[in-house]
Amino acid sequence: MLINYLADVLPQTRRLTRPTCPECERAYTIKDYLLLQSCAGCGRTRGARTFVVLVLAILCSLALQFFPFANLNFWATLPLMVFLGTLVVIDMEHRLVLTETSLFGLVLCLVYGVILRGLGKTLLGGLGGLLIMLAFFFTGMLFSKIIGKLRGKNIKEVAFGFGDVAAGTFLGLLTGWPGIIGAIILAILIFAAFSIVLLLGLILSKKYRAFASAQPFVPFLILGTIVIFYL
Ligand SMILES: [Zn+2]
């Protein structure tokens with residue numbers, strides 16, 4: 001419920017405001033919002049994402065009973081789960097990592113890192129994540145420039161945004177050093193596999209346009225980070 005709420009209000013207002021209907025901007029009553037009711041103003045039903053998040057969150061909670069995350073108990077894992085879930089939903093819906101969530105993530109992941117392995121390796125992980133993602137960021141920018149030159153026009157969309165750099169930094173704090181290297185390599189491998197499948201799907205359905213749809217990378221970074229904890 002919290003993931004849905006944060007993903008509803010944060011991209012709009014950047015604060016913990018009352019959620020409003022995306023269609024007519026009428027504020028939901030707390031009861032209507034919690035009971036997943038349609039908008040009282042325009043009748044718009046709550047989006048599919050709301051229900052998908054609820055089902056996935058329940059499945060993740062059940063899975064955590066059998067496969068605890070880094071030997072933490074369920075309640076200690078919950079804040080991290082809500083944070084990462086919110087990040088994934090906002091990045092998928094808006095192709096965006098908010099500065100506010102990044103700052104919160106730096107503090108949260110620092111706390112988890114220190115609890116799990118102490119300050120030294122945690123800070124080193126954050127620094128490593130920052131530098132690796134910065135390298136990707138500049139390589140991506142260079143790549144866009146070259147492609148743009150070849151095609152004779154400017155490409156505004158970059159392969160790696162600054163949000164990805166921020167995410168690499170706080171996930172580095174979470175995994176520590178050298179875990180973050182593995183997390184990023186895994187993220188790239190899963191991302192590549194996903195992109196190939198997506199590309200084949202687009203070609204087969206004849207919707208393919210070269211470089212037309214950049215995919216959000218943060219969900220893959222998070223996936224890589226989670227996998228590293230279970231290896
Ligand atoms: Zn409405």
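Pro 178 sits in the loop that runs between helix 7 (162-175) and helix 8 (179-204). This is a predicted model, so the geometry described here is that of the prediction. The peptide bond between Trp 177 and Pro 178 is cis, with omega at about 5°.

Two further loop residues have backbone angles worth checking. Glu 25 is not a glycine, yet its phi is positive, near 65°. Glu 25 belongs to the loop between helix 1 (2-13) and helix 2, and helix 2 spans 30-34. With a relative accessible area of 62%, Glu 25 is exposed, because the cut-off for that class is over 50%. Arg 95, also not a glycine, has a positive phi of about 55°. Arg 95 is placed in the loop between helix 4 and helix 5 (99-117). Its relative accessibility of 29% makes Arg 95 partly exposed, since that class covers the range between the buried limit of 20% and the exposed limit of 50%.

The next stop is the metal site. Four cysteines coordinate the zinc ion through their SG atoms, namely Cys 21, Cys 24, Cys 39 and Cys 42, at 2.3 Å. Along the chain these donors follow the spacing C-x2-C-x14-C-x2-C. The angles among the four donor atoms run from 103 to 114°, and the site is tetrahedral. It is classed that way because all angles have to lie between 85 and 135 degrees for four donors to count as tetrahedral. For reference, the ideal angle for four tetrahedral donors is 109.5 degrees.

Gly 47 lies in the loop between helix 2 and helix 3. With a relative accessible area of 25%, Gly 47 is partly exposed. Gly 47 and Pro 22 are 25 residues apart along the chain, and their C-alpha atoms are separated by 9.8 Å.

The volume of the largest pocket is about 950 Å³. Its lining consists of 29 residues, and those nearest the centre are Cys 60, Gly 85, Val 88, Ile 222 and Ile 226. By class, 25 of the lining residues are nonpolar, three are polar and one is charged.

One last residue gives a sense of distance. Leu 62 is located in helix 3, and its relative accessible area of 48% makes Leu 62 partly exposed. From Leu 62 to Thr 122 there are 60 residues in sequence and 28 Å in space, C-alpha to C-alpha.

Key
Residues numbered from 1 in each chain as written. Predicted model: local features only at pLDDT ≥ 70, side-chain atom pairs only at ≥ 80, totals over all residues. Heavy atoms only, no water. Donors = N, O, S within 2.8 Å, 3.2 Å for Na, K, Ca; no water. Tetrahedral: all angles 85-135°; square planar, octahedral: opposite > 155°, others 65-115°. 1 Å grid on protein atoms, 1.4 Å probe; cavity = no way out; pocket = protein on both sides within 12 Å on 5 of 7 lines; lining within 4 Å. Points joined across faces, edges and corners; volume = space filled by probe spheres on them. Nonpolar A, V, L, I, M, F, W, Y, C, P; charged D, E, K, R; others polar. Helix = DSSP H or I, 4+ residues; strand = E, 2+ residues; numbered from the N terminus. Buried < 20%, exposed > 50% of the residue type's maximum accessible area, 1.4 Å probe, protein only.
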